[in-house]
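Please read it beside the coordinates.

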Amino acid sequence: MKTWKKLALMVALGSLAAMTAEAETRGVTDDKVIIGSHSDLSGPLASWGVSAINGAKMRIDDFNAAGGANGRTIEFLVEDSQYQVPLAVRATNRLVQRGDVFAISRPIARTTRPRAKTGIDQYDTGRATAP
């Protein structure tokens, strides 16, 4: 499990390091990059979802404390999907529309991920850090 978490963070950070300083890039400003996630913060898998998000937040806090990348830190937005497909789709839509995220990371549950990805494809962001 630790390897998967490291891989997801490395992919997100790799995306951050590889990007250019284009002002029109969604979710990217001169000083931050917005990455979103949805997880089971309540519902039947809340104990696992909360722990996964807390672990991601700790890694991001460490990354930001070390200065970020190219002068940018990560802002991490999280939505609760409650292990329900409609709520995962809604969470993805909120992140993309309201959160204006650069990438979606850590959509964990196998049952909610495919439908939520449809929401990402709908807005043609072209960026999701977890398949």
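The points below run from overall layout to individual contacts.

1. Basis. This is a predicted model, in which local features need pLDDT of at least 70 and side-chain atom pairs count only at pLDDT 80 or more, while totals for chains, interfaces and linings use all residues. Residues are numbered from 1 along each chain as its sequence is written, and side-chain values use heavy atoms, with hydrogens and water left out.

2. Layout. The protein has 4 helices and 3 strands; helices (H or I, at least four residues) and strands (E, at least two) are DSSP runs, numbered from the N terminus. Along the sequence the pattern reads α-β-α-β-α-β-α. Of the 131 residues, 40% count as buried, where buried means under 20% relative accessible area, exposed over 50%, and partly exposed in between (1.4 Å probe, protein chains only).

3. Sheet. The 3 strands make an open sheet with parallel pairing, in the order β2-β1-β3; two strands pair if DSSP finds at least two bridges between them. β2 and β3 (103-104) are the edges, each with a single partner strand, so one side of each has no neighbour in the sheet. Between β1 and β2, which run parallel, there are 8 bridges. In this pairing K32 stands opposite T73 of β2, and I34 opposite E75 of β2. Because 7 of the 8 residues of β1 are buried, that strand is largely enclosed by the rest of the structure.

4. Main core. The largest nonpolar core has 12 residues: V28, V33, I35, I53, A56, I60, F63, A69, I74, F76, F102 and A103. At least two residues each come from β1 (32-39), α2 (46-65) and β2 (73-80), and α2 gives the most, with 4 residues. A second, separate core of 5 residues includes L95, V96, V101 and I104. Here a nonpolar core is a set of buried Ala, Val, Leu, Ile, Met, Phe, Trp, Tyr and Cys residues joined through side-chain atoms within 4.5 Å.

5. Where does V28 lie? V28 is in the loop between α1 (2-18) and β1, and is buried at a relative accessible area of 7%. V28 and I74 are 46 residues apart in sequence, with 9.4 Å between their C-alpha atoms. For V78 and I53, 25 residues apart along the chain, the C-alpha separation is 8.0 Å. V78 is in strand β2 and counts as partly exposed at 25% relative accessibility.

6. Helix α3. The expected span of a helix is 1.5 Å times one less than its number of residues. For the 13 residues of α3 (residues 85-97) this should give 18 Å, and the end C-alpha atoms are 18 Å apart, which agrees. The buried residues of α3 are L87, A88, A91, T92, N93, L95 and V96.

7. Salt bridges. The criterion is a side-chain nitrogen of Lys or Arg within 4 Å of a carboxyl oxygen of Asp or Glu, and the count comes to 3 salt bridges. D100 pairs with R26, the closest N and O atoms being 3.1 Å apart; D100 is in the loop between α3 and β3, R26 in the loop between α1 and β1, and the two are 74 residues apart. E75 pairs with K32 at 2.7 Å between the closest N and O atoms, linking strand β2 to strand β1 across 43 residues. E79 pairs with R94 at 3.4 Å between the closest N and O atoms; E79 lies in strand β2 and R94 in helix α3, so the pair ties together parts 15 residues apart in sequence. On accessibility, D100 is partly exposed at 36%, and R94 is partly exposed at 29%.

8. Surface patch. L45, W48 and Y83 form a nonpolar patch on the surface, with about 270 Å² of accessible area together. Patch members have over 30% relative accessible area and no salt bridge; like charges are joined within 9 Å, nonpolar side chains (Val, Leu, Ile, Met, Phe, Trp, Tyr) within 5 Å. Areas come from the Shrake-Rupley method with a 1.4 Å probe; for residues, only the protein chains shown count as cover. W48 lies in helix α2 and is partly exposed at 39% relative accessibility.

9. Backbone angles. N70, in the loop between α2 and β2, has phi near 55 degrees, a positive value in a residue other than glycine. N70 is exposed, with a relative accessible area of 57%. Q82 also is not a glycine and has a positive phi of about 55 degrees. Q82 is in the loop between β2 and α3 and is partly exposed, at 28% relative accessible area.
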